[in-house]
Each structure stands twice: as structure tokens, then as C-alpha cells.
Amino acid sequence: MSQKKIIGRREVVDILDLELYGLDAKIDTGADSNSLHCDDIFIDDEKFVHFTLLDEVHPAYHGKKIKMPLYKLKKVKSSNGIVQQRASIQVTISFFGKKYKTDVSLTDRSDMKYPMLIGRKFLTNRFLVDVSKEYLTKTI
């Protein structure tokens, strides 16, 4: 059995398919799945999801409209208890020196401090979270 890596409550992730590097992410064991901040999200008739990443204030913002295959639509209960239907895409991320294929729901996180949230499904059987630490990925 391989040993689980210890990560902090905040880490840095690269989303390779979206050419997003050094993205701050909140590690949230209370959240079921991953989510990413986007605007102008819509699904076309051919089951592609269109969106704009991040906000103009974010250093990685480039204003490009992105089009990706819709992975699935899923119901997600947000932190305020409201159930939303969200578009989800599959991406490859680089995290803690390894690449992982994972799904990410697209949502407006403009009122949140971190543009990405990493949830339990991604963390399970891979990582342990030490909430007293942060940005341990920067040390590898």
C-alpha cells in the first residue's frame, strides 16, 4: 500500500487542459467534489459547455471563451445549502508532482476567496489534510 501524501488546507494546482498554472485551491473535506470559478457558463445543443475562466482581477485571467465537452450535469449543494445543477468537465490536473484525471464542476465562485475548491472524491485514498499547514505542494 502506498503512503498517502500530507497536504495543507490551501494548495497550488495546475489544470493542464485549461493552461492554468499555479492556481490557488482550497482543500475542502466538507465538499464532495471539485469546483472551479467561471463566468458565462452555458451548454450548447451539441453537449459542449462554454465558459470564461476566473475574473479580471485574477493574475491568470485571459478573457478567452473556452469550449469543452460536457462530462455531466450534476446536482450540487453549495455551502449556503442551495442545490444547483452544474455543468462538469473532465480535466487533467498536476498536483503534488503527479497528474490526475478528475472532474470539475463549473460555477460562479466570485464571492469566494479561492477560485478552485478540491473536494473529498479527489482526496480520498490519496491524501491526508493537515489543516495547520498550507502550500505544501510548493516544497516539492
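Colleague: Which residues does Leu-36 touch, not counting residues up to four places away in sequence?

Modeller: This is a predicted model, in which local features need pLDDT of at least 70 and side-chain atom pairs count only at pLDDT 80 or more, while totals for chains, interfaces and linings use all residues. Residues are numbered from 1 along each chain as its sequence is written, and side-chain values use heavy atoms, with hydrogens and water left out. With contact taken as heavy atoms within 4.5 Å, Leu-36 touches Ile-15, Leu-18, Leu-23, Leu-53, Val-104, Ser-105, Leu-106, Thr-107, Arg-109, Pro-115 and Met-116.

Colleague: How many residues does the largest nonpolar core have?

Modeller: A nonpolar core is a set of buried Ala, Val, Leu, Ile, Met, Phe, Trp, Tyr and Cys residues joined through side-chain atoms within 4.5 Å. Leu-36 and Phe-95 are among those with the most contacts inside the largest one, and its residue count is 31.

Colleague: Which residue in β9 is the bridge partner of Asn-34?

Modeller: Strands are DSSP runs (E, at least two residues), numbered from the N terminus, and two strands pair if DSSP finds at least two bridges between them. Strand β4 (residues 34–43) runs parallel to β9, joined by four bridges. The partner of Asn-34 is Val-104.

Colleague: Is Phe-96 buried or exposed?

Modeller: Phe-96 lies in the loop between β8 and β9, with a positive phi near 55°. Buried means under 20% relative accessible area, exposed over 50%, and partly exposed in between (1.4 Å probe, protein chains only). At a relative accessible area of 13%, Phe-96 is buried.
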